[in-house]
Amino acid sequence: MAALLAEVHSISLHLRKLMQMLGVSFQNPFYRLNNVLNFFLFITFRVVAITWITLGLYWDHERVSTVYFYLLCVTIFIIWIINLVLLWRLVKNDILRNLNTSAPTDNGKDACNQNSHSKVENNDKDKVKTI
């Protein structure tokens with residue numbers, strides 16, 4: 001039951017993806033509201049749910065066999081690592097991007113454009129140079 005709570009978070013993820021596909025600006029108030037909702041749903045339904053499962057495993061470890069207990073411990077550890085990576089990606093792509101794009105840069109471009117991996121040369125527009 002608690003593991004399914006993590007799927008509630010996917011509502012805001014799907015809404016975020018739909019807004020990106022529709023070309024909604026990152027500065028749009030609805031996009032920003034969804035970012036805040038996305039973060040709080042992540043914390044509530046992923047971190048709290050996995051913590052609940054981890055504590056339940058710790059408190060009721062005598063109810064399962066030793067082999068099963070160790071398999072569950074390894075699985076929970078992997079789930080924690082995955083969730084920490086997902087949390088970092090969420091913070092990097094939604095929260096830090098909004099902080100970077102709200103402040104103007106030196107050359108007048110947004111911070112998102114500074115991190116592009118390819119640039120078009122001015123003298124030959126047909127060629128793309130990868131850096």
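Mentor: Exposed means over 50% relative accessible area. Keep that cut-off in hand; this model is predicted.

Trainee: Is Tyr70 buried or exposed?
Mentor: The relative accessible area of Tyr70 is 53%. The cut-off for exposed is over 50%. Tyr70 therefore counts as exposed.

Trainee: Which residue forms an aromatic pair with Tyr70, and with what geometry?
Mentor: The structure holds three aromatic pairs. In the pair with Tyr70, the centres are 5.6 Å apart and the planes make 65 degrees. Edge-to-face needs over 60 degrees. The pair is edge-to-face, and the partner is Phe69.

Trainee: What geometry does the pair of Phe39 and Phe40 have?
Mentor: The distance is 5.7 Å centre to centre. The angle between the planes is 70 degrees. That pair is edge-to-face.

Trainee: How do Phe39 and Phe40 count by relative accessibility?
Mentor: Phe39 has 24%, so it counts as partly exposed. Phe40 has 52%. Phe40 therefore counts as exposed.

Trainee: What span should helix α1 have?
Mentor: Helix α1 covers residues 10–21, which is 12 residues. The rule is 1.5 Å times one less than the number of residues.

Trainee: Which residues of α1 are buried?
Mentor: Buried takes under 20% relative accessible area. In α1 that holds for Ser10, Ser12, Arg16 and Met19.

Terms used. Residues are numbered from 1 along each chain as its sequence is written. This is a predicted model: local features need pLDDT of at least 70, side-chain atom pairs count only at pLDDT 80 or more; totals for chains, interfaces and linings use all residues. Side-chain values use heavy atoms; hydrogens and water are left out. Helices (H or I, at least four residues) and strands (E, at least two) are DSSP runs, numbered from the N terminus. Buried means under 20% relative accessible area, exposed over 50%, partly exposed in between (1.4 Å probe, protein chains only). Rings of Phe, Tyr and Trp (its six-membered ring) pair if their centres lie within 6.5 Å; planes under 30 degrees apart count as stacked, over 60 as edge-to-face and the rest as tilted.
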